Amino acid sequence: MSQIKEKAQALTEELVTLRRHFHKNPESSLKEYKTAEKIQEELTKLKIPFEIIADTGTLAIIKGRKGEGKTILLRADIDALELPDCTNKPYSSKNKGLNHACGHDAHTAMGLGAAKVLNELKDTFAGTVYIAFQPAEEIGAGAKQFVASGKIDTIDESFAIHVNSGLAVGTFAVQGGPVNASCDIFKIKVTGKSAHVGRPHLGHDALVTASEIVVALQTIVSREVDPGDRSVVGVGKLHAGTRYNIVANDALLEGTIRAFSHETRAHLKEAVTRIAKGIAATHRCEAELDWYDAAAPVINTPELAEKFQTVAQSVDSINHIITKYELSMGADDFADYLVDKPGVYGLLGSQSGEETAYGHHHEKFDIDEAVLPIGVELEVSYILNRLAN
């Protein structure tokens, strides 16, 4: 048994206890105060220095004692979802309407485990490890806080591991290039002029305008994007009017665009804006657009994906490595760490049967906790490999 595996496996009980603590006490994005307090309490016990980022972010800093070297960042997201917990487990959420249904409780526990192992091994490596216990991944805000803080400007590269209920425990998936789509959220406010429906010529119909915008937006992907370039323009909400016999004075649409390249993302945004304003003008209405940049596409550095595959092959607890898999339209703001620096994002299997096979963001989502020491072993192995190279 390797030294890293031995240390990771020895932490199993502690990792399970930490994960269950976080699962039982979930907090929503940008409100992870008690979660951050617990993380900082654990780091203080280990005598690992840290800096607070914004209000609820924590940046742990572990310096190797063999001299200067690279700086590697590991991202561990910490926020939960606004969702009931229907797992009926002893560690189910005690905060009504909040649930760690995406695995961030596991990521936080694994990050603390990796910190402990690396701190014990700091005499063996040169360089610096940052562990970013990052808030607000679910709303695409936390990574931006870390980048904007200036505290991680010196990193050479970054990585993240996300547990995955679609993969069996012992499976690791990582590939180069795009792996997760971008996410931008738009709101389109259409303003018209009300009138009685019996005298429609006296009004400017915001409802008809909004309906035409919804239909026209569907032509962007089918007619403006290369068919080989996967993308999405979706409208999930439309509200208009106040009464059946009144020409609607205003309407509100809400939707999202998804893309796997920065270029396609920019084109989709321009096209939505152009079409909405053009149709509104055609119908004598006005359209105002409000955009929220939730996440850029996650684009893995190919060479680092290959390195991660190689490291995973040396990890005893990993018995299956996937090097080619389906791209995900789900976004992850880990992408913000990759805008100017190389990095890689991998998926670690957390499923071992029906109870742990529910999809992410499902109210019965749970993990096989055997994944926790495997995650620590893989994270530490990758970090030490990169610092040595």
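Predicted model: local features only at pLDDT ≥ 70, side-chain atom pairs only at ≥ 80, totals over all residues.
**Entry 1: β3 and β6.** I began with strand β3 (residues 71-77) and found it joined by 7 bridges to strand β6 (residues 128-134), the two running parallel. Strands here are DSSP runs of E with at least two residues, helices are runs of H or I with at least four, and both are numbered from the N terminus. Two strands pair if DSSP finds at least two bridges between them. Threonine 71 stands opposite threonine 128 in β6.

Residues are numbered from 1 along each chain as its sequence is written, and side-chain values use heavy atoms, with hydrogens and water left out.

**Entry 2: the sheet.** Next I looked up the strand order. I read β1-β2-β6-β3-β7-β18-β8-β17, an open sheet of 8 strands with mixed pairing. At the edges I found β1 (50-53) and β17 (320-322), each pairing on one side only. From one strand to the next, the twist averages 25 degrees.

**Entry 3: β18 and its partners.** How many bridges join β7 to β18? I counted 8, and these strands run parallel. One partner of isoleucine 161 across a bridge is glycine 346 in β18. With β8, strand β18 runs antiparallel, joined by 2 bridges; here alanine 173 stands opposite leucine 347. I also checked burial (buried is under 20% relative accessible area, exposed over 50%, partly exposed in between, with a 1.4 Å probe and protein chains only). In β18, 8 of the 9 residues are buried, so the strand is largely enclosed by the rest of the structure.

**Entry 4: the core.** I then turned to nonpolar cores, meaning sets of buried Ala, Val, Leu, Ile, Met, Phe, Trp, Tyr and Cys residues joined through side-chain atoms within 4.5 Å. The largest has 59 residues, and Phe133, Phe159, Phe308, Leu348, Leu378 and Val380 touch the most other members. Helix α9 (residues 371-388) gives this core its largest share, 10 residues. Leaving aside residues up to four places away in sequence, I saw leucine 378 touch Ile161, Phe172, Phe308, Ala312, Val315, Ile318 and Leu348, a contact being heavy atoms within 4.5 Å.

**Entry 5: aromatics.** Last, I searched the whole structure for aromatic pairs and got 7; rings of Phe, Tyr and Trp (its six-membered ring) pair if their centres lie within 6.5 Å. Phe159, Phe172, Phe308 and Tyr382 form one aromatic cluster.

Notes
Phe/Tyr/Trp six-rings, centres within 6.5 Å; stacked < 30°, edge-to-face > 60°. Axes fitted to C-alpha atoms, helices over the stretch in contact; angles between N-to-C directions.
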